[in-house]
Amino acid sequence: MGWFSIYLLVYSFLAISYLWYRYALVLSKKNIKYPRLNKNATIVIPAYNENFLYLVKAIKAAKNADNVDEVILVDDGSTSLDRNRLIELGKKFNIRVYRFK
């Protein structure tokens, strides 16, 4: 038996073993799912003298993020934002709004 026939025999064995393994995985139909981290986050958005449209975009992006428990909007004594508009944002997007002076 020459070296080429030994090489061919080993290569054939490995190829058949690999194909059998892949076939067994397909037939088993087991979906291997990795555990998802259940860490939920709270997003705090500062709103000191920000443009109102930027705040709306930031709130929408935070609400659409995965694993977010709540969104908090904090206004730290802004002179450009009206308190009533912030309260409307809180009601519209169901978020907490805190305003400090």
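Let me begin with helix α2, whose buried residues are covered by elements that include β1, β2 (68-76) and α3, where contact means heavy atoms within 4.5 Å. Please keep in mind that this is a predicted model, in which local features need pLDDT of at least 70, side-chain atom pairs count only at pLDDT 80 or more, and totals for chains, interfaces and linings use all residues. Residues are numbered from 1 along each chain as its sequence is written, and side-chain values use heavy atoms, with hydrogens and water left out.

In α2, the buried residues are Phe52, Leu55, Val56, Ile59 and Ala62, buried being under 20% relative accessible area, exposed over 50%, and partly exposed in between, with a 1.4 Å probe and protein chains only. Seen down the axis of α2, these buried residues fall within an arc of 130°, so they line one face of the helix, the arc being that of the directions from the helix axis to the C-beta atoms. On the face turned away from that buried side, α2 carries the exposed residues Leu53, Tyr54, Lys57 and Asn64.

Now to the loops. Asn49, in the loop between β1 (41-46) and α2 (52-64), has a positive phi of about 55° although it is not a glycine, and it counts as partly exposed because its relative accessibility is 35%. Asn94, in the loop between α3 (83-93) and β3 (96-100), likewise has a positive phi of about 55° without being a glycine, but at 65% relative accessibility Asn94 counts as exposed.

Conventions. Helix = DSSP H or I, 4+ residues; strand = E, 2+ residues; numbered from the N terminus.
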